[in-house]
Amino acid sequence: ETMQSWLGDAKFEYVYDNNSKGPVGAGKALCDCAKTWGCKLYTYVSSAGMYQPNESTEFPMAETTPIKESAGQAKLDAYAV
């Protein structure tokens, strides 16, 4: 079964994902549904675990802080685009 089959005919214009850790399982399924629906806004909240701070990084970290390319959150971010 797919996520869409569980949702039936439901479609959403706005998706807020604060849980996914990578482009696998439910995270991928939700992203795929959002693409199919043509949603207006897909908001993905990544965790600080995807960032690679160094000794000069100021906290709280800015989104311009380098990321770990191997982090699942970074992979979902790339997949969603």
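**Confidence and contacts**

A: The protein chain has a mean pLDDT of 91, and 100% of its residues reach 70 or more. The score is the predictor's confidence in each residue, from 0 to 100. This is a predicted model: local features need pLDDT of at least 70, side-chain atom pairs count only at pLDDT 80 or more, and totals for chains, interfaces and linings use all residues. Numbering runs from 1 along each chain as its sequence is written, and side-chain values use heavy atoms, with hydrogens and water left out.

Q: Where is confidence lowest, and where highest?
A: It is lowest in α3, at a mean of 90, and highest in β1, at 95. Helices (H or I, at least four residues) and strands (E, at least two) are DSSP runs, numbered from the N terminus.

Q: OK, the core. Which residues are in the largest nonpolar one?
A: Met3, Val15, Cys31, Cys33, Ala34, Trp37, Cys39, Tyr42, Tyr44 and Leu76, 10 residues. Such a core is a set of buried Ala, Val, Leu, Ile, Met, Phe, Trp, Tyr and Cys residues joined through side-chain atoms within 4.5 Å. Buried means under 20% relative accessible area, exposed over 50%, partly exposed in between (1.4 Å probe, protein chains only).

Q: Which element gives the most to this core?
A: α2, with four residues. The elements that give two or more are α2 (25–37) and β2 (41–44).

Q: What does Val15 touch?
A: Leu30, Ala34, Trp37, Cys39, Leu41, Tyr42 and Thr43, leaving out residues up to four places away in sequence. Contact here means heavy atoms within 4.5 Å.

Q: Switching to rings. How many aromatic pairs does the structure hold?
A: One. The rings of Phe12 and Trp37 have centres 5.3 Å apart and planes at 65°, so the pair is edge-to-face. The rule takes rings of Phe, Tyr and Trp (its six-membered ring) with centres within 6.5 Å; planes under 30 degrees apart are stacked, over 60 edge-to-face, the rest tilted.

Q: What does that pair tie together?
A: Phe12 lies in the loop between α1 (3–7) and β1 (14–17) and Trp37 in helix α2, so the pair links parts 25 residues apart in sequence.

Q: Trp37, buried or exposed?
A: Buried, with a relative accessible area of 12%. Phe12 is partly exposed, at 38%.

Q: Which charge lies over the face of Tyr79?
A: Lys35, at 4.1 Å from the ring centre. That needs NZ of Lys or CZ of Arg within 6 Å of the ring centre and within 35 degrees of the ring normal.

Q: And how many salt bridges?
A: Two, counting a side-chain nitrogen of Lys or Arg within 4 Å of a carboxyl oxygen of Asp or Glu. Lys40 pairs with Glu13, closest N and O atoms 3.7 Å apart. Lys40 is in the loop between α2 and β2 and Glu13 in the loop between α1 and β1, so the bridge ties together parts 27 residues apart in sequence.

Q: How exposed is Lys40?
A: Lys40 counts as exposed, at 58% relative accessibility. Glu13 is partly exposed, at 45%.

Q: What about Asp32 and Lys28?
A: They form a salt bridge, closest N and O atoms 2.8 Å apart. Both lie in helix α2, four residues apart, about one turn.

Q: Last one. Which residues flank the cis peptide bond?
A: The bond runs from Phe59 to Pro60, with omega near 0°. Pro60 is in the loop between β2 and α3 (72–80). Phe59 is exposed, at 59% relative accessibility.
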